[in-house]
Amino acid sequence: MKEAAMLMQKIAAYVAAQRTAPIADDVRHHVRRAVLDWTAALLAGAQQPPATLMRAAFADELGRGPAVLHFDGTRAPARLAAFINGTASHIAEFDDIFRDAIYHPGCPVIASALAAVQSVGGDGELLVRAVLAGYEVSTRAGAAVAPAHYRFWHPTGTVGTLGAAAACSVALGLDAEQSAHAIATSATFAAALQQAFRSDAMSKPLHAGRAAEGGLTAAMMARQGVTGALDILEGEAGFGAAMSDHPDWNAAFSDLGSHHNVMHITFKNHGGCGHTFPAIDAVLALCREHGLTEKDIASIRIEGYRVSLDVTGRKTATTPFEAKFCLRYGVANAVLYGRVRTQAFQPEWVTKPEIASLMERIDLVEDPELTKRFPRQRSARAIITTRKGERLEHLQMHRRGDPEEPLSDAELDDKFMELSAPVIGEQAAKYTLQQVHRLDALTPTQLLELGVVRGRP
């Protein structure tokens with residue numbers, strides 16, 4: 001490799017080493033947490049479009065292949081499995097977040113890694129290693145280009161492609177040179193525009209699936225000798241120059257292999273866009289502390305960071321998609337029902353008149369200080385004025401589920417059961433939960449069954 005490609009050389013050396021590198025027990029634990037949360041998000045979205053429509057669109061390719069759709073067990077070619085599973089896991093908006101990159105790593109990384117591992121008859125241990133590599137590479141790339149990248153691009157579809165390529169390089173057994181070319185090629189595949197989720201369209205979850213497919217495709221080709229531009233990240237017409245504002249790549253990857261970002265992932269405690277969560281948490285805190293119900297509230301003022309208002313500041317929500325990206329809707333649900341989970345995004349639920357009525361009493365305002373802290377801190381201030389004239393205030397510094405306020409293992413298990421049991425049945429959900437907790441020890445056959453086995457005790 002030429003001197004100009006030293007960054008890619010460093011990344012690729014790390015990726016290639018992950019086939020055999022020691023992994024600490026606590027790091028393994030957090031990888032298993034990520035896979036569990038991804039599986040829950042996948043199952044929650046599997047019965048909704050566009051996942052259902054993708055099955056129809058690619059029906060002639062399904063029913064054969066080494067990988068499976070992890071919600072009904074249908075066999076599929078690896079690239080198609082990565083595409084559909086990755087898409088399905090981003091539909092319900094319950095997927096994980098790496099805050100510093102404004103990025104959902106599980107969707108592209110785990111979907112592609114699982115398909116790649118299955119394509120070579122790999123086991124749970126190989127999956128753990130592949131997922132770890134994908135998370136560590138993509139989260140750093142995402143942090144390097146944030147927040148400027150987020151003005152026009154959707155990181156789950158862009159840096160997620162790099163993560164998928166890294167994960168699949170491990171799964172397919174690529175050496176350092178092949179891994180470098182896989183990641184380099186994936187970078188030029190990476191595209192996902194913000195405009196896709198500023199309307200009630202189905203494109204946003206496709207970003208995650210396409211990233212999973214693109215990363216796997218790049219790794220498969222690199223295994224056969226297809227080369228990529230090894231200075232694609234830092235080159236004058238490369239990923240950073242085109243999609244960000246002078247990213248410091250060396251700083252972003254300086255601790256690769258010594259610090260593990262997978263241990264600092266946000267797991268969603270609510271449904272919908274994560275930009276709504278600090279406001280939801282703040283309002284819930286006030287309602288609990290003061291025993292408030294909707295009837296007690298005259299108005300609610302939410303002070304948040306600029307991006308939260310840009311992405312989720314719509315005044316009304318008439319469809320499940322709009323509801324997921326509507327801060328007012330999330331706050332209203334929190335006040336009225338004490339939670340914002342799957343039920344809140346059912347079509348019949350979105351049109352409830354009591355929700356719309358409360359939304360009219362919610363005002364959104366930017367707080368410049370909170371904007372300055374983004375993306376490393378997602379905060380919101382809720383100010384409730386009661387009908388008695390009281391002014392109650394709570395500043396939520398971090399979202400529930402962020403690394404500073406993490407969900408416990410028990411809470412993550414409860415979330416998994418809530419999302420998965422309605423799809424695959426309670427017994428199968430319990431069995432899947434047990435299997436993910438012992439992910440490192442799963443056989444290739446057990447990995448194929450993950451999330452789809454029914455009726456097990």
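Which helix gives the largest share of the lining of the largest pocket?

What we have on screen is a predicted model, where local features need pLDDT of at least 70 and side-chain atom pairs count only at pLDDT 80 or more, while totals for chains, interfaces and linings use all residues. Residues are numbered from 1 along each chain as its sequence is written, and side-chain values use heavy atoms, with hydrogens and water left out.

Okay, empty space. Rolling a probe the size of a water molecule over the atoms shows where empty space is left. Here that's done on a 1 Å grid over the protein atoms alone. A cavity is a set of points where a 1.4 Å probe fits but cannot get out, and a pocket is an open set with protein on both sides within 12 Å along at least five of seven lines. Lining residues have an atom within 4 Å of a point. Grid points are joined across faces, edges and corners, and a volume is the space filled by probe spheres set on the points.

So, back to my opening. The answer is H19, with 4 residues of the lining of the largest pocket. When I say helix, I mean a DSSP run of H or I with at least four residues; a strand is a run of E with at least two, and both are numbered from the N terminus. H19 covers 409–424, and H2 (25–45), H9 (203–223) and H14 (320–324) also each supply at least two residues of that lining.

The largest pocket has a volume of about 550 Å³. Its lining has 28 residues, and Ala44, Gln48, Ile91, Lys324 and Phe345 lie nearest the centre. Sorted by class, that's 17 nonpolar, 6 polar and 5 charged.

Next, the second largest pocket, with about 390 Å³ of space. It's lined by 21 residues, and nearest its centre you'll find Phe98, Asp100, Ala143, Asn261 and Arg376. Helix H6 (124–145) and helix H11 (249–252) are the elements giving two or more residues here, and H6 has the largest share, 4 residues. The classes come out as 10 nonpolar, 5 polar and 6 charged.

How many cavities of 30 Å³ or more does the structure hold? There are 4. The largest cavity has about 130 Å³ of space, and 16 residues line it, with Ile102, His104, Tyr150, Cys273 and His275 nearest its centre.

Keep an eye on Ile102, please. Its phi is near 55 degrees, a positive value in a residue other than glycine. You'll find Ile102 in the loop between H4 and H5, and at 7% relative accessibility Ile102 counts as buried. Buried means under 20% relative accessible area, exposed over 50%, and partly exposed in between (1.4 Å probe, protein chains only).

Glu93 sits in the loop between H4 (78–88) and H5 (106–119). It isn't a glycine, but it has a positive phi of about 65 degrees. Buried or exposed, what is Glu93? Buried, because its relative accessibility is 3%.

While we're on backbone: most residues other than glycine have a negative phi, and most peptide bonds are trans. The bond from Pro49 to Pro50 is cis, with omega near 5 degrees, and Pro50 lies in the loop between H2 and helix H3 (51–57). The bond from Phe374 to Pro375 is cis, with omega near 5 degrees.

Last stop, two helices together. H7 (residues 155–171) packs with H9 at an angle of about 35 degrees, with the axes 7 Å apart. Those axes are lines fitted to C-alpha atoms, for helices over the stretch in contact, and angles run from 0 to 180 degrees between N-to-C directions. Contact means heavy atoms within 4.5 Å. On the H7 side, the residues that meet H9 include Gly157, Gly160 and Ala164, and on the H9 side Ala208, Ala211 and Gly215 are among them. By class, this contact has 8 nonpolar, 8 polar and no charged residues.

Note on methods: Nonpolar A, V, L, I, M, F, W, Y, C, P; charged D, E, K, R; others polar.
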